[in-house]
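Biologist: Please show me the structure, and then we can go through it one question at a time.

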Amino acid sequence: MKVEAEVNMSFHDWVLQFKRVNIENFFIGVTDKEINSVLNAEVISVEQFYTLLSPIAEKYLEEMAQLAHNLTVQNFGKTIQLYTPIYISNYCVNNCIYCGFNINSKIRRKQLTLKEVDKEANFISSTGLRHILILTGESRKENSLFYIKDCIKILKKYFTSISIEIYALKGSEYEELIKDGVDGLTIYQEVYDEVIYDKVHLAGPKKDYLYRLEAPERALAKGMRCVNIGTLLGLNDWRKEAFMLGIHAKFLQDNFSDAEISVSIPRIRKTAGGFKPVYNVTDTNVAQIIMAFRIFLPRLGITLSTRESPEFRENLIPLGITRISAGSTTVVGGHTISEVGSAFSEQFKILDERSVSDVKVMLEQKGYQSILKDWVGV
Amino acid sequence: MEDKLIIGGETITNRLFIGTGKFENKKVIKNVLEKSKAEVVTVALRRIDMESKSENILANIPKHCLLMTNTSGARNAKEAIRIARLAKAAGCGNWIKIEVIPDNKYLLPDNYETLKATEVLSKEGFVVLPYINPDLIIARQLEKSGAAAVMPLGSPIGTNRGFRTKEIVRIMVNELNIPVIVDAGIGKPSEAADCMELGCGAVLVNTAIATAYNPEGMAEAFSKAVEAGRIAYLSGLAVSVDRARASSPLTGFLRGNES
């Protein structure tokens, strides 16, 4: 596999090289000796990363776990950063078949007024959290950039770090939001396989694969401090998706060395539309991905959402996790305004509904310090 | 004469400085500081939350400790300067450890941007302690720009790989008129002692203590090692030779013949 990125190459250009490689055939050649060599290597190559995702690596999960744990403690200490999402609107023009907010979903639509945003923010900040992630559906008409900027102004009063998980923007728009105080971007490619991407994104601006894929690069080029990328497990063979996500993260780390790059690997949960995952992804698979990421990129942030059960989340923490959400709701206004289970449906079902203080207690019991503030707006 | 480290007009007895970023619990930080009797502690402004009583890390720092806020997260001089000013405005004092790190993979500092920030902040009255890649030329410029000390790394942050930059740090200790404080990469008390035997002014440790099985015990061990290394330096280390010295010298007859 020729995989080194050349100067000024976009991620998409780099990725095209992998299309010539037959990934299934690559796995056939992986030997125990190779896995052992990877587990003792100082620096892990892209090929070696793939080795860690192979079926044969499943025999070495305990060895991988020990290594991943040590690397995490060495690089991040015994700390876990906490954040929570704030859903400000569920209006959406996209037709993504796996999402509860999709245009055809018969859910009640709502956009928070600025007063409501203030109320939600006030409540969330009273839990001690200082990191907030703004979420909206994609609708430039309903959720215009002006509206989002107004919300940011309010959130700045309460939080020291503001991230956005909204529709893909132009570089100049990211630049505007950075000036307004946004320091983090979360944008999931959802599925890296272009054919599947096209099949699950039936309509709307999100159908443009490349525009979404290159959004992190556009934001980082304008000085975005933190970027969190992800793939939605269950839409494709997890090994291929985890591999693409890993090399995407590596590409961003290599090309934007001053930024903090992190990844998420949410598994598809039941949505308002009733979508079910096409590919099964087991707990073991999720753990293997996290450990492979940590060994491949020791400084990579790894975010774990509340889509996983409390028990599973707790067990994953020592394997490489650096950031978790707490006190989450995926309902617009779900903290203080809309009741969960009301007509305002969730984007997806969360399994860990524990409050910030409960999560803090859990982390302390596991020997981790919860970090509620880890940035100061500059 | 009593041996004391003086930085920015402050007299410091314990030459072990402690970082706070990686501990499992804020209470452990307090115990570590008490057990080691450390007097200087560095905290990232990004982690300080003055508005939260339960979360404010400063509540766990004993009164006698001198707070050295650091600019963790700064990617260039401009951001470091802004963080330093915010720290001062927040009441964190005027000691600032400048960390300018535009490399998130290895967390290596940018000496050039660090120099620019030092020039500005020194003029504003900050006691500036810049974290740098060991380099005599930049260290001299930092000294001229008003740095109160320089803090070269021993190895990359968090690696616990030890005092790998010894030869360059040795030159810096010999040539500079301000204290040289080894910051980052020191993994064992013996390595901290090594820094001190060389004549370093102090050693700053975080990962090796925070991630030890017993952080309080390790902090005490580091404190004692730093003290031992300092005493050794002041006592003048015996010259180390790799050959035995003959008790019947071959040239003894020459002295006997002189009148």
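Biologist: Which element gives the most residues to the lining of the second largest pocket?
Modeller: Bear in mind that this is a predicted model. The elements that give two or more residues to this lining are H3, H5, H12 and H13 of chain A. The greatest share, 4 residues, comes from H5(A).

Biologist: What is the volume of the second largest pocket?
Modeller: Its lining is made of 28 residues, and among those closest to the centre are A:Glu42, A:Leu71 and B:Tyr106. By class, 16 lining residues are nonpolar, 5 polar and 7 charged. The volume of this pocket is about 810 Å³.

Biologist: How much area is buried between chain A and chain B?
Modeller: The size of an interface is often given as the accessible area lost when the parts come together. Here 35 residues of chain A are in contact with 34 residues of chain B. Carbon and sulfur atoms give 41% of the buried area, which is about 3000 Å².

Biologist: How many salt bridges does the rule find across the interface of chain A and chain B?
Modeller: A salt bridge needs a side-chain nitrogen of Lys or Arg within 4 Å of a carboxyl oxygen of Asp or Glu. The side chains of A:Glu42 and B:Arg161 meet the rule, at 2.4 Å from N to O. Across the whole interface of the two chains, the rule finds 9 salt bridges.

Biologist: Which element gives the most to the side of chain A that touches chain B?
Modeller: Across this interface there are 26 residue pairs in polar contact. On the side of chain A, the elements that give two or more residues are helices H5, H12 and H15 and strand S11. The element that gives the most, with 4 residues, is H5(A).

Biologist: How many residues apart in sequence are the parts that the pair A:Lys149 and A:Asp180 ties together?
Modeller: The side chains of A:Lys149 and A:Asp180 meet in a salt bridge, 2.9 Å from N to O. A:Lys149 lies in helix H7 of chain A and A:Asp180 in helix H8 of chain A, so the pair ties together parts whose separation in sequence is 31 residues.

Definitions and conventions:
Residues are numbered from 1 along each chain as its sequence is written. Chains are lettered from A and ligands numbered from 1 in the order in which they are written. This is a predicted model: local features need pLDDT of at least 70, side-chain atom pairs count only at pLDDT 80 or more; totals for chains, interfaces and linings use all residues. Side-chain values use heavy atoms; hydrogens and water are left out. Contact means heavy atoms within 4.5 Å. Buried area is the accessible area (1.4 Å probe) that two parts lose on being put together, summed over both. A polar contact is a pair of N or O atoms within 3.5 Å; within protein, one must be able to donate a hydrogen and the other to accept it, and residues adjacent in sequence count only if both atoms are side-chain atoms. On a 1 Å grid over the protein atoms alone, a cavity is a set of points where a 1.4 Å probe fits but cannot get out, and a pocket is an open set with protein on both sides within 12 Å along at least five of seven lines; lining residues have an atom within 4 Å of a point. Grid points are joined across faces, edges and corners, and a volume is the space filled by probe spheres set on the points. Ala, Val, Leu, Ile, Met, Phe, Trp, Tyr, Cys and Pro count as nonpolar, Asp, Glu, Lys and Arg as charged, and the others, Gly among them, as polar.
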